[in-house]
Amino acid sequence: MNAKTFTILLLSIPILTFGQSNSSIDLVTGIEYSYRTLSTSSSDPVVNSILERRDAEETGKMNWRLGFNYNRRLSSRIFLKTGARLASVGYKGEKKTGLRWGTEHDGNGGWAGPDPSLPHEIQLIHDYWFIEIPIAGRFEFGGKRLRPFIEAGGAPSVYLATRTKTVTDIGTDASFESGKALGFNQWHLVGYLSFGANYDIGERLQLFGQPVFRRHFTKLADAPIAEHLYNFGMELGVRRKL
């Protein structure tokens, strides 16, 4: 290698480094509290009774998501983010206790006692699984190793299936049903807002954390009671600059 070639290579290093740092890939996971809102425009007393009962008997639950991001630098502080997630969003029903079965009656109008082979407590837990494609902008504030940021965007999402977990005092069972079979809307639009911080742990590696709030603008199903899922929680991840 002659001196001229060596000099050209040295001058090229900053250019190559700048170009490579314009994009990055993240591995990300999150834990969150998920639930839903219910509303109706119907004046039917049956519909309103169902809504009131569901509001009284259902509660939110902890859930999860995992996936990856691709980030592209648009300016010194602004980044465009996309990627893919597998996300679980849902809620749980009220635990029913003191259940009795027809086979437990003594035939004389009385109760013969509990049959240990039958459940006497039951709770249903519903989780809706989605593939999510985030499309968001991120603005990073000044800083050297620690850089706060704010992020906002949308996430076109594909509803995959419902996982229903049945918990009783004698065991637990889980089943999956497809969205098509249940009549749920397959395509959802989800909006989200987040803030957090990046922390450099090396020349090309960062850790990041961000509280996130998400809401489904699309109804879970086209029904008299409109059900919109939402969640809020924390995402953590590691980023590698390319």
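The model is predicted, with local features needing pLDDT of at least 70 and side-chain atom pairs counting only at pLDDT 80 or more, while totals for chains, interfaces and linings use all residues. Residues are numbered from 1 along each chain as its sequence is written, and side-chain values use heavy atoms, with hydrogens and water left out.

**Exercise 1. Classify the aromatic pairs Y35–Y230 and F139–F141.**

Step 1. Start with the description: a pair of aromatic rings is described by the distance of the centres and the angle of the planes. Rings of Phe, Tyr and Trp (its six-membered ring) pair if their centres lie within 6.5 Å; planes under 30 degrees apart count as stacked, over 60 as edge-to-face and the rest as tilted.

Step 2. Searching the whole structure gives twelve aromatic pairs. In one of them, Y35 and Y230 have their centres 6.3 Å apart and 70° between the planes, which is edge-to-face. This pair links distant parts of the chain, 195 residues apart: Y35 sits in strand β1 (residues 23-39) and Y230 in strand β11 (residues 226-241). Strands here are DSSP runs (E, at least two residues), numbered from the N terminus.

Step 3. Y35 and Y230 are both buried, where buried means under 20% relative accessible area, exposed over 50%, and partly exposed in between (1.4 Å probe, protein chains only).

Step 4. For F139 and F141, the centres are 5.2 Å apart and the planes stand at 80°, so this pair is edge-to-face. F139 has a relative accessible area of 32% and is therefore partly exposed; F141, at 39%, counts as partly exposed.

**Exercise 2. Find which rings have an arginine over the face.**

Step 1. Apply the criterion: NZ of Lys or CZ of Arg must be within 6 Å of the ring centre and within 35 degrees of the ring normal.

Step 2. R36 lies over the face of Y91, 5.5 Å from the ring centre. R239 lies over the face of F208, with 4.5 Å to the ring centre.

Step 3. Y91 also belongs to a cluster linked by ring pairs, together with Y35, Y128, F130, Y159, F184, F213 and Y230.

**Exercise 3. Which strands pair with β7?**

Step 1. Two strands pair if DSSP finds at least two bridges between them.

Step 2. Strand β5 (residues 121-132) pairs with β7 (residues 146-168) in the antiparallel sense over eleven bridges, and I125 stands opposite K165 in β7.

Step 3. Strand β6 (residues 135-140) and β7 are antiparallel too, with six bridges. The two form a hairpin with five residues between them, and G143 in the turn has a positive phi of about 160°.

Step 4. Strand β9 (residues 187-200) is joined to β7 by 13 bridges, again antiparallel; here L146 stands opposite Y199.

Step 5. Strand β8 (residues 171-178) runs antiparallel to β7, with eight bridges. R163 stands opposite F176 in β8, and this hairpin has two residues between its strands.

**Exercise 4. Which residues make up the largest nonpolar core?**

Step 1. A nonpolar core is a set of buried Ala, Val, Leu, Ile, Met, Phe, Trp, Tyr and Cys residues joined through side-chain atoms within 4.5 Å.

Step 2. The largest has nine residues: Y35, V89, Y91, Y128, F130, Y159, L220, L229 and Y230. At least two of its residues come from each of β3, β5 and β11.

**Exercise 5. Describe the surroundings of S88 and H228.**

Step 1. S88 lies in strand β3 (residues 78-93) and is buried, with a relative accessible area of 0%.

Step 2. The S88 side chain makes a polar contact with the side chain of N63 at 2.6 Å. A polar contact is a pair of N or O atoms within 3.5 Å; within protein, one must be able to donate a hydrogen and the other to accept it, and residues adjacent in sequence count only if both atoms are side-chain atoms.

Step 3. Leaving aside neighbours within four places in sequence, S88 is in contact (heavy atoms within 4.5 Å) with residues including E32, W64 and D127.

Step 4. H228 is in strand β11 and, at 13% relative accessibility, counts as buried. A polar atom of its side chain lies 3.5 Å from the backbone oxygen of F217.

Step 5. The C-alpha atoms of H228 and T218 are separated by 6.7 Å, with the two residues ten apart along the chain. Beyond neighbours within four places in sequence, the contacts of H228 include Y35, R215 and T218.

Note on methods
Helix = DSSP H or I, 4+ residues; strand = E, 2+ residues; numbered from the N terminus.
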